[in-house]
Amino acid sequence: MRLLPLLEQKKEKPDVNKSGPKSLHDRGDFIRGQPTMTDVSVQQWGEVGGRGPVDLWVLQSAQVRVEVLSLGAILRSVCCRGREGHMEDVVLGFDHLEGYLSDQRYLGATVGRVANRIARGHFVVEGKEYRLDINNGPNALHGGLRGFNKAIWLATAVEGGVQLSLTSPDGDQGYPGEVQVSVSYTLQGETLTAEYQARSTKTTPINLTNHSYFNLAGQAAADIYDHQVSISAQSYLPVDDSSIPTGEIRRVKGTPFDLTTPVLIGPRLKEVPGPGFDHNFCLSFPGDSWTERGAARVFHPASGRVLEVSTSQPGVQFYTANFLDGLTGKGGVMYRKHSSFCLETQNWPDAVNQAPFPSCLLCPGEDYHHVTRFTFTTV
């Protein structure tokens, strides 16, 4: 699979009209072949002292409007229609740049180098031991103390969206190898596609995902108890007290983790051990072919909104915002426990330390490539 033009892309950024967003819809270097039905615009949204400006990219189709920040390759907003045609922002976030700079819950962020947890922040690759910063109990989480979610990415226009790229130096947060990473967000009709790609100069673990928190009733809604969820997985990974997989791959049948048919989230949360769902559901297994699969469907009956997720990743972490504790978000809304859900498409957690899990190692000369699609419809 050919990597998108991460290495040869132009370094100049699009001109920004200081009085408002600059539309890129008719740019010759942006549109190739048939005209896109997605309008793309960009404007400066803020500046980080000593690090440069942060841009806000807007992708607009007839059905969906998406906002992307060059800080953290963050999905700041996704607006979609309900059954009665009312547009609602269904992604949690912040009104100002400062909120994202201080955020410790990864709202909307692209996380890496390795999403989810690595036990004790420790692994061995090719006989060499590596130690990472500990930032989640005894473990390393979502790339470290200063992961990809806090970086300012280089953003360039692509057809129907924006490509964000980043160079992570050798030794960044303790990881080996210089890694060049890109994530492209493109919008076509009702489907938002996230395409992740990377190369490394040394063998290194890598596992990229988006960490958006969704509430299909709207980001201001109090909880997700009235949502119905289904996940296309026959197995899940039980975890220990620090949320590291125990190594067991357990069938969901006969457990509260059986989401193979639609389940109302509120009552099911009362059956799940601990504060809620924060578990990897197994979509494919080592040896399975690389292919895009249906992963999950969430339905909000009151509004009629539906979110369907497909991915080429072998797992999806279903997380019910168990640790949101009164964070102030967009419009002054207080985000609390169970106010939203995440569907983090990913490799299985702690795979670098658990040989039976799908490999998360990227070797020199190889291309890392995964695709996740979020489709927003109504019924």
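In this predicted model, His211 is in contact (heavy atoms within 4.5 Å) with Arg105, Tyr106, Leu107, Gly108, Ala109, Val111, His142, Tyr319, Cys342 and Glu344, leaving aside neighbours within four places in sequence. With a relative accessibility of 3%, His211 counts as buried (under 20% relative accessible area, computed with a 1.4 Å probe on protein chains only). His211 sits in the loop between strand E17 (209–210) and strand E18 (228–231); strands are DSSP runs of at least two residues, numbered from the N terminus.

Tyr213 belongs to the loop between E17 and E18 and is buried, at 2%.

Turning to the nonpolar cores (buried Ala, Val, Leu, Ile, Met, Phe, Trp, Tyr and Cys residues joined through side-chain atoms within 4.5 Å), the largest has 62 residues, of which Tyr185, Ile231, Phe281 and Phe318 touch the most other members. Strand E14 (residues 179–188) gives the most to this core, five residues. Ile231 touches Leu259, Thr260, Phe281, Ala295, Ala296, Val316, Phe318 and Leu343, residues up to four places away in sequence not being counted. A second, separate core of 24 residues includes Leu92, Tyr106, Tyr335 and Cys342.

A note on conventions: residues are numbered from 1 along each chain as its sequence is written. Local features need pLDDT of at least 70 and side-chain atom pairs count only at pLDDT 80 or more, while totals for chains, interfaces and linings use all residues, and side-chain values use heavy atoms, with hydrogens and water left out.

Key. Buried means under 20% relative accessible area, exposed over 50%, partly exposed in between (1.4 Å probe, protein chains only). Helices (H or I, at least four residues) and strands (E, at least two) are DSSP runs, numbered from the N terminus.
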